[in-house]
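Hello,

Please find the structure we discussed below. My notes follow it.

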Amino acid sequence: MTVGIDKIGFYTPQQYLDLIDLAHARQVDPNKYLIGIGQQQMAVADLDQDIVAMAANAAEEILTTADRQEIGLLIVATESGVDQSKAAALFVQELLHINNNIRALEIKEACYGATAGLQFAYDFVSLYPNQKALVIAADIARYGLQTAGEVTQGAGAVAMLVSKNPHILALEKESIYQSQNAGDFWRPNYSQQALARGKYSEELYLQMFTQIYQQADSVISKESLAALLFHIPFSKMGRKALQTLKTKISDVDYQRLLSRFEKSIIYGQTVGNIYTGSLYLSLLSLLENDDSLQDNERIALFSYGSGAVAELFFGHLQPHYRDYLNATEHRQLLDERQRLSVAEYEAIFKKQLVTDGSCQLIIPVRAAQHYLKKVDQHERFY
Ligand code: CAA
């Protein structure tokens, strides 16, 4: 029996900021953002699309009625939780009409959370093969207006249904992981914006990748890799990590990984950083944009969450996996987004939900199936 990703859903808010517009507004050479950072656009979430709404929207497209009955574990991984106590998964469970006989919880470890969720899901399905697990990564990356990190913001959610004999990616049991207490990126409970030691965070990412990749040498053969995917806070970060291998692997292998890498960043370059979901958006981007991958090929995924935890794990593409993707719908979702002016983006960025217990109705500009309708007496209603 194999266990892994059976279906992948994706959602991103229906409005974006073009980074050339942002560069002009911030009086920066646009090539810094386009080439130096490697990003083109970033998704902008309005108040109606918090992580609960985005998580439900991402999962809605992949779940059949039977799936909703068979799910026994629901994990929402996020850095942008809506409650200090109650798991976002409970709101999502109700919105998606998932049965009550489940474990539902939220996982937090910066951008690594969904990888932890996926590993727990793997163990769960291995133990209970007749049940499925739904893992959703949903985040809004916020650094603040006119900060160094501003250009690396974004918003979106990726939902993965994990089952036995999966249709897309069978996961391998063994993986390599590392944790250490580090102050590269964090967000105090009282802050809506992340704080980052930007350059240090890049160094630590590369350091942990190098160490884990070396460790993997003795544990797992990497020669057969068709692709190596990265957590992509911005595409230049993944490119830098890949470049560390240039002198370590053959040119043929490097060129193959590089061409697959280019396909893996297509979606992320227009969505921006979605923290926990970024690695899985890279996976989706590769699968939906690369015509050269073959069934049964082996891919590696490098997950990094500041703070910091990193993990390298592997999977095999399943026969006819393309038949189980929603590439057309995802391209349409991205193509139909509305372009915001910098002034509109800044106005949305400054919006706040009331915190005094009064009732605030949220009127979505472009309604998705699931959205935050109001807050009242400090509670959210969808
Ligand atoms: N044309 C082309 N390139 C240009 C350019 C131009 N006109 N002007 C500048 N550049 C290049 C620079 O040379 C630099 O390239 P290298 O990184 O290859 O040296 C790049 O653009 C960035 O410019 P700066 O060095 O001036 O960096 P910055 O002060 O603008 O900050 C950043 C960049 C540190 C990434 C910042 O955006 C940031 O803090 N982001 C948030 C933190 C982050 O994402 N860290 C990633 C690792 S942590 C992680 O992965 C977890 C997570 O999701 C947060």
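Predicted model: local features only at pLDDT ≥ 70, side-chain atom pairs only at ≥ 80, totals over all residues.

Ala-308 lies in the loop between β13 (298-305) and β14 (309-317). Helices (H or I, at least four residues) and strands (E, at least two) are DSSP runs, numbered from the N terminus. The peptide bond from Gly-307 to Ala-308 is cis, with omega near 10 degrees. Ala-110 is not a glycine, yet has a positive phi of about 45 degrees. Most residues other than glycine have a negative phi, and most peptide bonds are trans.

Residues are numbered from 1 along each chain as its sequence is written, and side-chain values use heavy atoms, with hydrogens and water left out.

Now the ligand. The shell around the ligand holds 26 residues, where a residue counts if one of its heavy atoms lies within 4 Å. The closest are Lys-32, Ala-148, Lys-199, Ser-201 and Lys-240. The shell divides into 11 nonpolar, 9 polar and 6 charged residues. Here Ala, Val, Leu, Ile, Met, Phe, Trp, Tyr, Cys and Pro count as nonpolar, Asp, Glu, Lys and Arg as charged, and the others, Gly among them, as polar.

- Asp-29: an N or O atom of the side chain is 2.9 Å from a ligand nitrogen.
- Lys-199: a polar side-chain atom lies 2.7 Å from a ligand oxygen.
- Asn-273: a polar side-chain atom lies 3.0 Å from a ligand oxygen.

The protein covers 74% of the 1100 Å² of accessible area that the ligand has on its own (Shrake-Rupley method, 1.4 Å probe).

Which elements give two or more residues to the shell? They are α2 (30-37), α7 (198-219) and α8 (235-243). α7 gives the most, with 5 residues.

Domain 1 (3-170 + 325-355) and domain 2 (172-318) both give residues to the shell, so the ligand lies between them. The domain bounds come from an automatic or database domain assignment.

Best wishes

How values were computed. Polar contact = N/O pair within 3.5 Å; in protein donor to acceptor, adjacent residues only side chain to side chain.
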